Amino acid sequence: MAKCFRAISRRKAKARKTFTTREPLRSVAAITPFNHPLNQVAHKLAPAIACGAPVILKPSEKTPLSALKFAELLYESGLPGWMLSVLVGPIESVVEPLIRDERIELVSFTGSVPVGKRIARIAGYKKLCLELGGNSPLIVLEDADLARAVTLAAEGCYRNSGQRCTAVKRLLVHTDVIEEFTARLVEKTREYTVGDPADFDTRIGTVIDEAAAVDLTRRVREAVAAGARVLTGGENQAAVMPPTVITDVPRDVDMVRTESFGPLAPILEVRDLGDAIELANSTPYGLSCGVVTNDLERALETVKRVRTGTVNVNEVPGYRIESTPFGGLKDSGLGIKEGVIEAMRYMTNVKTFSLPW
């Protein structure tokens, strides 16, 4: 062994310089949901255009017009036609053949968990970026600034009619402050004007359709049957679901176990931070989390122990900027991140080369 080592040590290392470069993928399939129908499209098209990866875009069949108009504006601004195609149509005849096509090197999808898992099953040997559902908690500890906590809860639960994957879906409130927090949230909720989304004074418009609103009402009724109490809201009128505060919510009802895509604010009592973290981790989702506290040590404990893609301290779970890495774990995604920089990385391949000079 020593003799072998001496022989190796006498070899002269080659004088070479090694580099890496990134090359764009040949084609990307981008599939976007109905909520934020322009913003979600831009999230995927901007990094693809920036790194030179051609895209075939499939917007939601419920909200395709903003995507089509955006594509038109991009063409008018000089984007080559081969860089962007837009398809509309059903999953079976349009989306699945696109996903299966071997020329597609990446499928970037934002949408529901069942559709995301279906895409994963049929995509085959290619990159996947799946940004799926969320069940994001806002943890309110006993030392929290309650005025801030209530504002974050209302904005997190109600903004965009609660139709965001990062919206607050569960309010986990410490037993010492739950009574005051609940009273303040009910009062705050009255500030949210409900009505015609085309009216500038409206703060909460419709959800995507009447079927979605009916399902939200079903979830509320199920929680009430299990012992919860509705303090305001709770019943849809056509596609309008009013902001709804529910207290005494059991931990095992459908409203809090799965994603409720609407302006519901279910309040669950927690004994301490450990109990809150255990409850936060108790669902199949792991997209984002918020914690309201003035204690840095407990904030960092939340960051470390909640199994999620993002934790924001004294902010809503969905806070981010465009350069922020964004993505979830468990049923919320494969851990692959979006955000402009991360998305550009994933839309390229790394090539390594070396030179003798």
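By class, how many nonpolar, polar and charged residues does the lining of the largest cavity have?

Author: The model is predicted, and local features need pLDDT of at least 70, side-chain atom pairs pLDDT 80 or more, while totals for chains, interfaces and linings use all residues. Residues are numbered from 1 along each chain as its sequence is written, and side-chain values use heavy atoms, without hydrogens and water.

The lining of the largest cavity has 6 nonpolar, 2 polar and 3 charged residues (nonpolar: Ala, Val, Leu, Ile, Met, Phe, Trp, Tyr, Cys and Pro; charged: Asp, Glu, Lys and Arg; polar: the others, Gly among them). These lining residues are His 43, Lys 44, Pro 47, Leu 106, Ser 108, Cys 129, Lys 337, Glu 338, Ala 343, Tyr 346 and Met 347. Two or more of them come from each of α2 (39-51), β5 and α12 (340-346), and α2 gives the most, with 3 residues. Helices (H or I, at least four residues) and strands (E, at least two) are DSSP runs numbered from the N terminus. The space in this cavity is about 70 Å³, and the structure holds 3 cavities of 30 Å³ or more. On a 1 Å grid over the protein atoms alone, a 1.4 Å probe fits in a cavity but cannot get out; a pocket is an open set of points with protein on both sides within 12 Å along at least five of seven lines, and lining residues have an atom within 4 Å of a point. Points are joined across faces, edges and corners, and a volume is the space filled by probe spheres set on them.

Strand β5 also belongs to an open sheet of 5 strands, in the order β4-β3-β2-β5-β6 with parallel pairing (at least two DSSP bridges between paired strands). Because β4 (84-86) and β6 (127-131) each have a single partner strand, they stand at the edges, and one side of each is left without a neighbour in the sheet. The twist averages 15° from one strand to the next. Helix α5 packs on this sheet and touches β2 (28-31), β5 and β6, its direction making about 175° with that of β6 (contact: heavy atoms within 4.5 Å; axes: lines fitted to C-alpha atoms, for helices over the stretch in contact, with angles from 0 to 180 degrees between N-to-C directions).

The largest pocket also draws on β5 (106-110) and α5 (113-123), each supplying at least two lining residues, as do α4 (91-100) and α8 (210-225). This pocket has a volume of about 850 Å³. Of its 33 lining residues, Pro 33, Phe 34, Gly 111, Ser 112 and Phe 261 lie nearest its centre. By class, its lining divides into 16 nonpolar, 10 polar and 7 charged residues.
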